[in-house]
Amino acid sequence: MGFRFDLLLFVITLLSVPVLSDLFLSKIDRRIDLTTQAVGITATLKVENAGSDLVSEVLLAFPDDQAKHLAYLTATNNEGKGKAKSSSVSFPVDVVRPKGMPPSLTFYSVSLPKGLGKGDSLTLDVLAVFAHALQPFPERISQADIQLVVFYETAHYLSPYAVKVQSLSVKLPDARIESFSKIENTKIHGSEIKYGPYENLPPFSYSPIAVHFEANQPFAIAQQLIREIEISHWGNVQVTEHYNLVHEGAQSKGEFSRLDYQARPHVRGASAIRHLVAKLPPRAHSIYYRDEIGNISTSKLWGDPKKTELVIEPRYPMFGGWRTAFTIGYGLPLQDFLFHLEGKRCLNISFGSPINELVVDTLIVKVVLPEGSTDISVSAPFPVKQGQETKFSHLDVVGRPVIVLEKTNVVPEHNQHFQVYYKFSSLSMFREPLMLISGFFFLFVACIIYMHADLSISKSSPSYLAKLQWDEVQAGVQQVRNIFDRCLTAHDKLEASLRDLSRTGDVQACKASWKAVDNLLKDLSKDLKPLLVSLQSSPQAAQILPKVEELIAKERELQEKLMVKHSTVVDSYEKKLSGREIENRVALQQQKITALRQEVDDLLDFIDEI
Amino acid sequence: MVGKAEPVNGSVKSGSNQSIPAAMQSPLKKSDLIPNLSLKTLKLKTKQQELLIRVSILCLVYVLAFITRLFSVLRYESMIHEFDPYFNYRTTLFLTEKGFYEFWNWFDSESWYPLGRIIGGTLYPGLMVTAAIIYWLLRFLRFAIHIREVCVLTAPFFASNTTLVAYFFGKEVWDSGAGLVAAALIAICPGYISRSVAGSYDNEGVAIFALLLTFYLFVKAVNTGSLAWALASAFGYFYMVSAWGGYVFIINLIPLYVLVLLITGRYSMRLYVAYNSMYVLGMLLAMQIRFVGFQHVQSGEHMAAMGVFFLLQVFFFLDWVKHLLSDTKLFQAFLRITVTTAIAVGAIALGVGTASGYISPWTGRFYSLLDPTYAKDHIPIIASVSEHQPTAWSSFMFDFHILLFLFPAGLYFCFKRLSDATIFIVMYGLTSIYFAGVMVRLILVATPAVCLISAIAVSATIKNLTLVARAKNKVTQTGFVRGSSSLKGSSKASLDQSQPFQRNGAIALLLGAFYLLSKYATHCTWVTSEAYSSPSIVLAARGAHGNRVIFDDYREAYFWLRKNTPPDAKVMSWWDYGYQITAMGNRTVIVDNNTWNNTHIATVGRAMSSYENEAYEIMRSLDVDYVLVVFGGVTGYSSDDINKFLWMVRIGGGVFPVIKEPDYLVNGEYRVDKGAAPKMLNCLMYKLSYYRFGELTTEYGKPPGYDRARGVEIGNKDIKLEYLEEAFTTSNWIVRIYKVKPPNNRWERCSIFTLGPHCAALPFSGNVSWLGRINFSTNAGIG
């Protein structure tokens, strides 16, 4: 059967050769990095045009089963002979289906803007990153076993063009190598395996190799990662990342013994994920790490001006096949990520996950723009699926526009910045505070209206009428109370004038004040009369009325006594009597006045109680 | 003060301009005058001032009640505490996601496997509906909050509302001063805080509010005789019924109170209106709760209310007949006949009802309240719960502090000023104190009564003392003003002589009272912070260097279950952890904290106390996939399954007599070391707890296998498991999960080495790939 396949391939190759014979690859260097779970293959291709036509595209071929794991592919022009990366220009790469090609190959075409003329040559750097390319073997291990993985590749570069000279080097982690395919020109150098050089191979040469080695680096795969980036123009970019993590290394079987794990963590549980490191942008703040059932307390944070490093431990060490889910969130200063650009605002923030060496199967980035943003557009460095939805957060009326970007097979190389452009008026910022303020304002207004409005249903019910009357009585009593207070003030004034007299001897002033007080008291008693009448008419006041009447009587008596005392003292002064004599004359009156005053005070207190 | 007094001065004197300069010339004299004047003038506003002070004190108390319950949120996080709250949280989550009808008809297949549980018909939905309504309201007002935050803060929020009710209740019973003191006392009383800290999302958090509200509205209805208040109290009762099983206390206390009023001759139309409308409407409303159903007419616990209802009708009827009949002799005869018939009819009805089974007898829980020793002998499942134990004196002191001796003082004041309202509060206080003595958790019910009665004591005492202090003040003031006259009546002199002593005494007593109250406040804060604010799901301890060490093992285990077991896995554990496993682990459990099926729990208890092979049969019959045990031997965490084990034996033995408690004891002593009973050393619980523990050194200087929770070296260090395997153990060994192995195949073969799915992976590669694979697989074979 294999022979037949080979034959088929040969036929196809023969068929397709004429189409592409213009180009050939004079030199290829490939370096495969197997130290992390995302396998990176860097190929330096020297392309030469042997034909006469101008060629504007170079085809790259991958087998289908490899292509479906292909996460990232770039081709850059390596002009400088040295490592002058700055001069490199990356070319656009697209999937193409050229006619007459073998069916189980996926082709990517690198477009050369300038084209390649006759006899010209070009050096291309092609970086391809594959996720899920390392397969654990055996697939199930116990806690004490070490994790072995196997990697398949071809020693000969698979290309629709003829290749003159090529070599391949495979970089492995510093650990045991279980086995690797030995073909011609295979050398091993520490943890590096070299294949080649091979010379003058026809198009579509294929020489499969397998490398089986120990790999204890974490195989942390986020099956789904939702990154929500929420912009607040009050100065914060809030990033929330929901991870759904699985250890896709060799599945664990049998017992998990905590005792073994605790005693010798690096032997019994070497392949377990103990912690993950996230490199957050500098000046990240308010960082949290939690899951559906609460905060996870096993995390550490370091910060310096260049970066913030967050080390998070899952709730439990993750063995092969174990899953976990968690959320990390952090705030970033707005001015580091948001810029003004030609009347628009531009958010410039990284696309991928901040966690080191994490492969994401499905990454959904949601950019939540402030409510009222318009003219939204996105520019991403690689193709992503775009969508839009609405999110309701605090105090939103129409909802915030959310840009949804979705991408599958995301590797750390995708950690590039993307841009979201939108228009937003700064005045809209104040809408939500104003809403709150007006909310409270209307609440208070409603309270005031409630306090002042009469909401009783039946305006003629006896209890309602009684309440009204009682309110009236209370108002009346309050007025009476006020009048008495003024009376008492007047009395005090009288006393004061007497004291002034004793000091200055100014009889005229004293008399004048006496007159004034007298007038005032008369006015007050006039005011009192209608109030008293109204109180007498009200049945509700029956309880208080006797007290009020008693109060009036006492007050009148007090008033009289005071007047008498005052006139006596003034008289005495006019007669120029000595102080002691005056005192003797008023002593009796004074005593009565004090007693009366006490009684009046008590009565007032009693009325106050009501 | 001067500034305030002056304009009034001016306006009074505006009539005579000459006197103004006179007044201006004598600032010294005036200063004498001003206190008098300003006091009078300010008195205009005392009413408003009082209102302002009262409202601001209430607001402060409201806020205080809320924030003092936030210790746990600040120390730990915004999380649900303990056991039952997790069930409430789970149901609330369901309610908010699926809506009310789904919730009402929810059959939960995740608990009580394989029986399941009809959630809608077996819970009090008040708490969940309340939280959901708050949540929906906030959502409607555009506050995008998570339901968890609502649940966590529901209890403090209702505690705040309770302070308001306490204020109004105190005002109704005594005066507004007592109301204020009651609000302040209940805001920080540890007895109440213990069940209402943030995160303690349990029925009691809402129910105490509902209880107090119902009582307040009922007392208000009795005081006013108003239908409106009576209806309000019926709705308060409905809320209480929907929230907590403790409503039985209301439906028995209120009839008792009515009966006491009848006996003491305080029957009035107000009482008649209040009780009848409250009872009839409250009963009809309560029937709407599915869990309560027709219990109001069918259960023995509710019969007292109905009896009093009919008694009131008889009373009213007699009153009416007395009114019609002028002849007292005739009335006496009538009275005798009517009362005899009424009692006879009532007794016959009760007898027939009970005999025919229409009226159910009292439940065990009810009996255990009346007779504290009942549960111990008959219902081990009730007796096994620590919060159902009789209360120790120390916990009274811990929860009430000074209220414990203010309470009798308050009772004295209540008896001194006996009214319908004070009779109620006295009865509430006395009955609830009795129940608090029977069961620790019922301290909660007693707390509002104790706070109210103590508040009466505090308020009345302070009022009397300040009256004494202030009366003297006034006399001295007036004496001072009249001092210039230097005249004192002899009678007055004697009065003055006695007063300084009295006044100083009063001031000293006042200071003492304030000292006590401030002690109370510090005690409450201390208790709240130290004892009642721990979520119990996360344990914290002090490390060797004074740093805080957190044991988050429960959540570690539950989250492991949630993520790494099949979604339909059944987990067997002791019932304490059932709610937590379903809520946090999202897995089906055999038994949980609902404890509605004693046999099922006993089966689990039996499995735990059997040998492994017997237990395996039981577990197979229950489809158990995982077994979860809690073990504190490494950390010294004492409330683990080994310490609860005797209850498992007792409960299991109560149903299955094969399990005998003496088999696990040695001379009546429970031990796990070498001297332990052989059955103990080989039962499933022992094996699961101590599996491979014998190899672990827990403490320096102690032999391996030293159990720190019990302080002994374990007796069986060589534990082999045959039918189970360790699936997961948390980092501090507090939770251990075992997987139940499937039964062995009868003809077990060696598994054949297969190439796995890679053959299909490279369709393109053809024979070359095949070659490579052979190459590889031979290598693998060698390796």
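Predicted model: local features only at pLDDT ≥ 70, side-chain atom pairs only at ≥ 80, totals over all residues.

Biologist: What is the phi of E82(B), and where is the residue found?

Modeller: Phi is near 50 degrees, a positive value in a residue other than glycine. E82(B) belongs to the loop between α5 (71-75) and α6 (84-98) of chain B, where helices (H or I, at least four residues) and strands (E, at least two) are DSSP runs numbered from the N terminus.

Biologist: Is N667(B) buried or exposed?

Modeller: N667(B) has a relative accessible area of 78% and is therefore exposed. Its phi is near 55 degrees, again positive in a residue other than glycine, and its place is the loop between α31 (641-655) and α32 (678-682) of chain B.

Biologist: Why is N593(B) called buried?

Modeller: The relative accessible area of N593(B) is 12%, so the residue is buried. N593(B) sits in the loop between β6 (588-589) and α29 (598-609) of chain B. Leaving aside neighbours within four places in sequence, N593(B) is in contact (heavy atoms within 4.5 Å) with residues including F83(B), D84(B) and W575(B).

Biologist: What does the side chain of N593(B) reach?

Modeller: That side chain reaches the backbone nitrogen of Y579(B) at 3.2 Å.

Biologist: What makes the pair E230(A) and K391(A) a polar contact?

Modeller: Their side chains are 3.1 Å apart. A polar contact is a pair of N or O atoms within 3.5 Å; within protein, one must be able to donate a hydrogen and the other to accept it, and residues adjacent in sequence count only if both atoms are side-chain atoms. E230(A) is in strand β17 (residues 220-232) of chain A and is buried, with a relative accessible area of 15%.

Biologist: Why are α27(B) and α28(B) called oblique?

Modeller: Helix α27 (residues 553-564) and helix α28 (residues 578-585) of chain B pack at about 55 degrees, with their axes 8 Å apart. Axes are lines fitted to C-alpha atoms, for helices over the stretch in contact, and angles run from 0 to 180 degrees between N-to-C directions. Angles under 35 degrees count as roughly parallel, over 145 as roughly antiparallel, 65 to 115 as roughly perpendicular and the rest as oblique. The two helices are therefore oblique to each other.

Biologist: What is the angle between α14(B) and α24(B), and what is it called?

Modeller: Helix α14 (residues 247-263) and helix α24 (residues 420-438) of chain B pack at about 135 degrees, with their axes 10 Å apart. That makes α14(B) oblique to α24(B). By class, their contact has 13 nonpolar, two polar and one charged residues; Ala, Val, Leu, Ile, Met, Phe, Trp, Tyr, Cys and Pro count as nonpolar, Asp, Glu, Lys and Arg as charged, and the others, Gly among them, as polar.

Note on methods: Residues numbered from 1 in each chain as written. Chains lettered and ligands numbered in written order. Heavy atoms only, no water. Buried < 20%, exposed > 50% of the residue type's maximum accessible area, 1.4 Å probe, protein only.
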